Amino acid sequence: TFSYGVTDRLDIGAAVPIVRTSIQARVDATINRLATGGNTSTAGIHTFIGGGDTQTFQQSGSASGVGDVVVRAKYRLTSSNVWGGAIGAEARLATGEERDLLGTGTTQARGFLIGSAHLGTFSPHLNAGYTWSSDKTLIPDEFNIAAGFDWALNPRFTFVVDALGRTFKDGQTL
């Protein structure tokens, strides 16, 4: 990751992930003879190669490389001793190889709002944004939100709560 404060209000940054994926799959397949099992003249119609009615299929693979690179900017709109607000933008570039599960295969852009407050020992925060995808058949657009608070109960213990959520726009249901 890289982050640079261009000014007191503007930060830019990038993340270049190095990804390693590995997958192993095994399927134990069986032909269920529902209509042809009791008849000797049709018993051999459906078989795997080699004549059996059961077979195990296995496949594995791995890949390593650069994933989808993220570049971002954040601009502080205002701040005081009590509260602050900022806007941000982020682009996720389709640099990772989708075929090898190193990337998503689509470019995304996200805009978001950031707000936080400092109320003594209690500090709430909220981030909300919208993500646009270049190929909505791969990854649909989404609305995302993160809200929570930090509460310093004493100098050695802070209670932290965060709720994260996202909703896909026009996403497929499986």
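Trp-151, Leu-153, Phe-157, Phe-159 and Val-161 make a nonpolar surface patch of about 440 Å². This is a predicted model, in which local features need pLDDT of at least 70, side-chain atom pairs count only at pLDDT 80 or more, and totals for chains, interfaces and linings use all residues. Residues are numbered from 1 along each chain as its sequence is written, and side-chain values use heavy atoms, with hydrogens and water left out. An open sheet of 8 strands, with antiparallel pairing, runs in the order E1-E2-E5-E6-E7-E8-E9-E10.

**Nonpolar patch**

- Patches are made of residues with over 30% relative accessible area and no salt bridge; like charges are joined within 9 Å, and nonpolar side chains (Val, Leu, Ile, Met, Phe, Trp, Tyr) within 5 Å.
- Accessible areas come from the Shrake-Rupley method with a 1.4 Å probe, and for residues only the protein chains shown count as cover.
- Strand E9 (142-154) and strand E10 (157-168) each supply at least two residues of the patch.
- The most is given by E10, with 3 residues.
- Strands (E, at least two residues) and helices (H or I, at least four) are DSSP runs, numbered from the N terminus.
- Leu-153, one of the patch residues, lies in strand E9.
- Leu-153 counts as partly exposed because its relative accessibility is 42%; buried means under 20% relative accessible area, exposed over 50%, and partly exposed in between (1.4 Å probe, protein chains only).

**Sheet**

- Strands of a sheet pair through backbone hydrogen bonds, either parallel or antiparallel.
- Here the order is E1-E2-E5-E6-E7-E8-E9-E10 and the pairing is antiparallel; two strands pair if DSSP finds at least two bridges between them.
- Strand E1 (2-5) and E10 are the edge strands, each pairing on one side only.
- From one strand to the next, the twist averages 15°; the axes are lines fitted to C-alpha atoms, for helices over the stretch in contact, and angles run from 0 to 180 degrees between N-to-C directions.
- Strand E2 (residues 10-15) pairs with strand E5 (residues 69-79) in the antiparallel sense over 6 bridges.
- Ile-12 stands opposite Ala-73 in E5.

**Residues in the strands**

- Ser-3 sits in strand E1 and counts as exposed because its relative accessibility is 62%.
- Not counting residues up to four places away in sequence, Ser-3 touches Ile-12 and Gly-13; contact means heavy atoms within 4.5 Å.
- Ser-3 and Val-69 are 66 residues apart in sequence, and their C-alpha atoms are 14 Å apart in space.
- Gly-148 is in strand E9 and counts as buried because its relative accessibility is 14%.
- Leaving aside neighbours within four places in sequence, Gly-148 is in contact with Ser-123, Pro-124, His-125, Val-161 and Asp-162.
- Gly-148 and Ala-163 are separated by 15 residues in sequence and by 6.1 Å in space, C-alpha to C-alpha.

**Loop between E6 and E7**

- Leu-101 is in the loop between strand E6 (83-93) and strand E7 (108-117).
- The phi angle of Leu-101 is near 65°, a positive value in a residue other than glycine.
- Leu-101 counts as exposed because its relative accessibility is 56%.

**Salt bridges**

- Side chains of opposite charge can pair when their charged atoms come close.
- A salt bridge is a side-chain nitrogen of Lys or Arg within 4 Å of a carboxyl oxygen of Asp or Glu, and by this rule the count comes to 7.
- Arg-99 forms a salt bridge with Glu-97, the closest N and O atoms being 3.7 Å apart.
- Arg-99 also forms a salt bridge with Asp-100, where the closest N and O atoms are 3.8 Å apart.
- Arg-99 is exposed, with a relative accessible area of 67%, whereas Glu-97 is partly exposed at 34% and Asp-100 is partly exposed at 28%.
- Lys-136 and Asp-141 meet through their side chains in a salt bridge of 3.1 Å, N to O.
- Lys-136 counts as partly exposed, at 48% relative accessibility, whereas Asp-141 is buried, with a relative accessible area of 6%.
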